[in-house]
Amino acid sequence: MEVVLSVEGLEKSFKNRKIIEGISFEVRKGEIMAILGPNGAGKSTTIRSIMGILYPDEGVVKFHNHKEGQIPRNKIGYLPEERGLYRNVKVMDMILYLAELKDYPVKKAKERTLHYLKKLGLEGKEKVSVEELSKGMAQKVQFIGSIIHEPELLILDEPFSGLDPVSQEVFKNEIKELARNGTAILLSSHQMNMVEEICDRLFMIHRGQKVIDGTLTDVKNEYANFKCTIRGENELALLKQLPRVSRVEQKDGLAIIHLAQDVIIPNWLRQLPESLSIQELSIDRISLHEIFIDIATDQHTVKEGAAINA
Ligand SMILES: Nc1ncnc2c1ncn2[C@@H]1O[C@H](COP(=O)(O)OP(=O)(O)OP(=O)(O)O)[C@@H](O)[C@H]1O
């Protein structure tokens, strides 16, 4: 698939502290790519460097095959982390102003605004002043402003934050539809369930460096080992001695036993000792949320030569 955005060797320091060190990735047409990382990892710094709001110390950002520094702004849509619209402007005028900044025809922008206001549950709000909107409503208006000019690349910094579950669902579906229609999308989010549902590829930064870069399937195959949850009265020492166990947590009478990679579940279950107290037992793959925590808290040990952890 055609590469729309490529980031090569991005580095940025603030006050002599390296925030990102040699970050490289690509976003392709019609793909939703998540940029992940713990608070302060450098996601917004990366996004702001792509948008030219910050100057990286090193690295190249390219849009299609345009030369560095020639990124056509009217082909890019951006929802910044800091939300902000002019407060005493009417919704329609606000969006038309944003469209005009991108040289987008007014008539088309009007039609698209009405279309999206309806789609996002804001029908009839076009003449309402921005200051009269709730936070979530204003976020929807800002989102419409970021896509009004039919961008080829859409960058969304925490698009789901501050939205109720229904609005999150609406945003999620809209983002998926934009990607289906060919928009390349880069989004940052802490909502791993959302990321798991909509993103095709994941890129995770930890301590300034790339720790994951791959498709959701790659990441799941590489990191989403099984965990066995047992309800029963067992000593931690006994659980830790079970074969192929990488980590054990105990809480509320449950033991969560994280299994090593490549464990064959039926074989593993067969060799459990009779002395183990089992009232209930379940086996699950660990979720993206747990993978994130494992990596961010340095609890994940990476296989040597791991395919997706360059
Ligand atoms: N203008 C700045 N001056 C100094 N330090 C900065 C500046 N902008 C960001 N930082 C620092 O860079 C680091 C990365 O910040 P950034 O906002 O990129 O993280 P993030 O991954 O987006 O975090 P979050 O998930 O909390 O939004 C943080 O330690 C932050 O304090």
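I looked up Leu 163 and, leaving aside its neighbours within four places in sequence, found it in contact (C-beta atoms, placed from the backbone, within 7 Å) with Gly 136, Gln 139, Gln 168 and Phe 171. The model is a predicted one, in which local features need pLDDT of at least 70 and side-chain atom pairs count only at pLDDT 80 or more, while totals for chains, interfaces and linings use all residues. I number residues from 1 along each chain as its sequence is written.

I placed Leu 163 in the loop between β6 (153-157) and α5 (165-180), where helices (H or I, at least four residues) and strands (E, at least two) are DSSP runs numbered from the N terminus. Is Leu 163 buried or exposed? I noted that Leu 163 counts as buried because it has 20 C-beta neighbours inside 10 Å; the cut-offs are 20 or more other C-beta atoms within 10 Å for buried, 12 or fewer for exposed, and partly exposed in between.

I then turned to the sheet, which is open, has 3 strands in the order β2-β1-β4, and pairs them in the antiparallel sense; two strands pair if DSSP finds at least two bridges between them. I saw that β2 (17-28) and β4 (58-63) stand at the edges with a single partner strand each, so one side of each lacks a neighbour in the sheet. For β1 (residues 3-14) and β4, I recorded antiparallel pairing over 5 bridges, and I found Glu 8 opposite Val 60 in β4.

Note on methods. Contact = placed C-beta atoms within 7 Å.
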